Amino acid sequence: MDYSIRDAIEADMPHVLGLIKELATFEKEDHAVEVTADDLVRDGFGQERLFHCFVAEVEGDITGMALVYPRYSTWKGRVIHLEDLIITEKMRGSGLGSALLTKVVEYGDALGVKRISWEVLDWNEPAISFYESKGARVMRDWDVAHLDETGIRQFLNKS
C-alpha cells in the first residue's frame with residue numbers, strides 16, 4: 001500500500017472533522033462533537049496555534065489523523081498530549097496507525113519532550129493491545145477527571 005504521513009494543512013480540516021465524527025460514532029458519542037472545521041482551522045493554523053495535526057493519506061484520500069498539543073508536567077517538564085489517533089475503519093490493520101504513532105513520537109522527540117501521553121477507553125482492547133505492542137504503558141489504575149461546560153458552570157455557581 002502506498003501512503004504518506006504529513007503535516008495537516010488548513011484544507012484538510014473538513015476531512016479531519018469527518019474522522020473525528022467517525023471516532024465519536026465508534027465510541028457511541030456521536031452527539032458529543034461540537035467542534036467545526038472552522039474551529040479546527042482557527043485553532044490549528046491561526047494566530048495562536050493550539051495543536052499540531054498529522055494526516056495519513058492513501059491514494060489522495062485522508063484515511064487517518066493524529067492531533068497533539070503541548071502540556072507541562074510538574075514532574076517531568078515539557079510533554080505533549082496525543083488527543084486522538086484515528087484511522088478510518090476500512091484502513092485499520094493496514095499499518096497506518098503505526099506510521100502515525102511513529103510520526104507523533106518523532107515529533108515529540110524533536111521537541112525534546114519528556115513524555116507523550118494519551119487516554120484510551122478501557123473497553124477498546126484492540127487499541128490497548130496496539131499501544132502496549134508499541135511499548136506504551138497503559139495505566140489502568142488512573143481515572144480521567146474533567147469538568148465539561150455544565151460542570152464548569154455548576155462549579156462556579158456553587159463556589
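Which loop holds K28? K28 sits in the loop between α1 (13-26) and α2 (37-45); helices here are DSSP runs of H or I with at least four residues, strands are E runs of at least two, and both are numbered from the N terminus.

This is a predicted model, where local features need pLDDT of at least 70, side-chain atom pairs count only at pLDDT 80 or more, and totals for chains, interfaces and linings use all residues. Residues are numbered from 1 along each chain as its sequence is written, and side-chain values use heavy atoms, leaving out hydrogens and water.

**View 1. K28 and its positive phi.** K28 isn't a glycine, yet its phi is about 60 degrees. Most residues other than glycine have a negative phi. K28 counts as exposed because its relative accessibility is 64% (buried is under 20%, exposed over 50%, partly exposed in between; 1.4 Å probe, protein chains only).

**View 2. E59, also with a positive phi.** Here phi is about 50 degrees, again at a non-glycine residue. Look for E59 in the loop between β2 (52-58) and β3 (61-73). With 76% relative accessibility, E59 counts as exposed.

**View 3. A positive surface patch.** R71, K76, K114 and R115 make up this one (patch residues have over 30% relative accessible area and no salt bridge, with like charges joined within 9 Å and nonpolar side chains, namely Val, Leu, Ile, Met, Phe, Trp and Tyr, within 5 Å; a salt bridge puts a Lys or Arg side-chain nitrogen within 4 Å of an Asp or Glu carboxyl oxygen). R115 belongs to strand β5 (residues 115-117) and, at 36% relative accessibility, counts as partly exposed.

**View 4. A nonpolar surface patch.** L147, I152, F155 and L156 form a patch of about 390 Å² (Shrake-Rupley areas, 1.4 Å probe). L156 is part of helix α5 (residues 149-158).

Methods:
Lys, Arg positive; Asp, Glu negative; His and termini not counted. Charge placed at Lys NZ, Arg CZ, Asp CG, Glu CD.
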